[in-house]
Every structure is written in C-alpha cells, then in structure tokens.
Amino acid sequence: MENPKESIFKKPWVQSLTGIFLVIVIVTVILFVKSAVSTVSIENGTVSAPVITISPTSAGILDEVYVKTGDTVTAGQQLAHVGAEVLTAKIDGLVIDVNNTPGQLFSPTQAVVKMIDPNEMRIVGTIKEDAGFADIAIGDPATFTVDAFGGKKFVGYVDEISATSKDSSVVFSISDKRETKEFTVKVKYDTAAHPEFKNGMSAKIEVYNK
C-alpha cells in the first residue's frame with residue numbers, strides 16, 4: 001500500500017513549492033553573505049620591499065664593486081671598496097641596483113649598492129580616503145593579483161596601514177576645493193611560497209571586511 005506522505009511529495013505542485021522554497025533559501029543565504037562581508041578594491045599596487053642603501057661613511061673614490069644586480073648576499077659579505085673603506089651587506093638580502101663606476105667620488109649620501117630583504121616584500125597599495133579606506137583594518141584577509149601572472153589570485157592579509165597620508169604637491173586655486181588624501185595599505189603574503197614575485201611588479205588588491 002502506498003505511503004500517504006510519499007504520495008504527497010510526488011505531487012507536481014508540492015515539488016514545485018519545494019523547489020521555490022529551496023531557491024528562496026539559497027538567495028537569502030547569498031544576500032546574507034554579501035551583506036556580512038564587503039570588499040574594498042585597491043587598483044594601484046606594487047610588489048615592494050624597503051630599499052637598503054649601502055654608502056661609504058666618508059667621501060672616497062670607488063675602487064671596485066664585488067657584486068652585481070640580482071646577486072643574493074649574506075650579512076657581512078663584502079660589496080664594494082671605496083677609498084679606505086670596504087662596504088659590507090648589513091643583512092642577508094638581494095642586490096637590486098649597483099652603481100659600478102670605478103674612479104667616481106662617492107659621498108656618504110650616495111648609494112653604491114642598493115638591496116632588499118625578500119622576506120620583507122609586501123603588496124603595497126595606495127587608496128583615497130573616500131574610497132573605502134576607513135573600512136580597512138589590520139588583519140583583514142585579502143586577495144591580490146600580480147599583472148605579470150594574469151588573473152591568478154593569491155592570498156594574504158593587511159599587515160600595515162599608514163598613519164598619515166601621502167605627501168602631495170597638488171595645489172588648488174579654488175579655496176573651497178579640498179584635496180582628497182591618499183593612504184598606503186600593505187598586504188603580507190607567504191614570501192617563501194612566491195619567489196617568482198619581483199620587486200616593483202604591478203598588482204591589484206581586494207580587502208575583505210565585515
């Protein structure tokens with residue numbers, strides 16, 4: 001004998017109502033997720049690390065340079081000879097620029113070698129104060145794309161937010177027109193997992209927040 005409950009669920013109108021109910025539930029869940037989590041887009045980003053400049057402590061003639069751009073060096077390694085001074089690497093890192101001009105006079109303000117610590121590389125973005133900046137907080141998850149690798153998405157999190165706006169030389173002639181300030185946001189990622197990222201590459205960031 002057919003079970004009355006089973007026969008009810010076999011009726012077309014019941015199946016239609018069930019389908020409509022499921023659609024409503026799915027749409028409700030999607031809307032809830034969208035309302036709970038929003039994103040802030042940062043279009044102007046770069047892969048970047050703080051640059052470490054290696055200069056003589058006193059003025060002298062560059063005699064010889066022992067490294068070239070792209071070399072990986074260790075802390076204490078000899079980099080160049082200027083006057084009576086041997087310039088050495090302050091940390092383990094990557095040489096990104098070399099001023100290899102023997103015979104040139106270098107002052108303490110002139111860099112003979114520039115290097116970075118690859119472990120300090122971040123995705124650094126600039127965002128206007130009225131474009132969602134106030135919604136970004138340290139620790140927010142983020143995804144980013146690097147132009148050199150197409151639309152592939154990588155993951156990270158907001159590691160640093162600038163405490164002050166970037167300097168600007170823009171001057172407005174209209175007294176009631178105020179400049180929109182820009183701030184810097186840095187996203188940390190697993191640098192060991194992505195050695196293919198090079199300092200200076202262009203990137204875009206999506207920050208997720210509640």
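1. Isoleucine 123 touches Thr46, Val47, Phe144, Val185, Lys186, Val187, Tyr189, Ala203 and Ile205, not counting residues up to four places away in sequence; contact means heavy atoms within 4.5 Å. The model is predicted, so local features need pLDDT of at least 70 and side-chain atom pairs count only at pLDDT 80 or more, while totals for chains, interfaces and linings use all residues. Residues are numbered from 1 along each chain as its sequence is written, and side-chain values use heavy atoms, with hydrogens and water left out.

2. Which residues touch the most other members of the largest nonpolar core? They are Val47, Ile123, Ile136, Phe144, Val146 and Ile205, in a core of 24 residues. A nonpolar core is a set of buried Ala, Val, Leu, Ile, Met, Phe, Trp, Tyr and Cys residues joined through side-chain atoms within 4.5 Å. Buried means under 20% relative accessible area, exposed over 50%, and partly exposed in between (1.4 Å probe, protein chains only). Two or more residues of this core come from each of strand E1 (38-48), E10, strand E11 (141-146), E12, E13 and strand E14 (202-209). A second, separate core has 17 residues, including Ile52, Val95, Val98 and Val112.

3. The chain contains two helices and 14 strands. Helices (H or I, at least four residues) and strands (E, at least two) are DSSP runs, numbered from the N terminus. Of its 210 residues, 30% count as buried. Among contacts between residues at least 6 apart in sequence, 69% join residues at least 24 apart.

4. Strand E13 (residues 182-188) pairs with strand E10 (residues 122-128) in the antiparallel sense, over six bridges. Two strands pair if DSSP finds at least two bridges between them. Valine 187 in E13 is the bridge partner of isoleucine 123. Strand E12 (residues 154-161) also runs antiparallel to E13, joined by four bridges, and valine 158 stands opposite valine 187.

5. Strand E3 (residues 60-65) is joined to E8 by two bridges, and isoleucine 61 stands opposite leucine 105.

6. The largest pocket holds about 250 Å³ of space. On a 1 Å grid over the protein atoms alone, a pocket is an open set of points where a 1.4 Å probe fits, with protein on both sides within 12 Å along at least five of seven lines; lining residues have an atom within 4 Å of a point. The lining has 16 residues, of which Leu94, Pro118, Met121, Pro195 and Phe197 lie nearest the centre of the pocket. Strand E7 (residues 93-98) gives the largest share, three residues.

7. Proline 118 is found in the loop between strand E9 (113-116) and E10. Is proline 118 buried or partly exposed? At 31% relative accessibility, proline 118 counts as partly exposed. Proline 118 touches Gly93, Leu94 and Thr191, residues up to four places away in sequence not being counted.

8. Threonine 145, in strand E11, is buried, with a relative accessible area of 16%. Leaving out residues up to four places away in sequence, threonine 145 touches Gly150, Gly151, Lys152, Lys153, Ser202, Ala203 and Lys204.

Methods:
Grid points are joined across faces, edges and corners, and a volume is the space filled by probe spheres set on the points.
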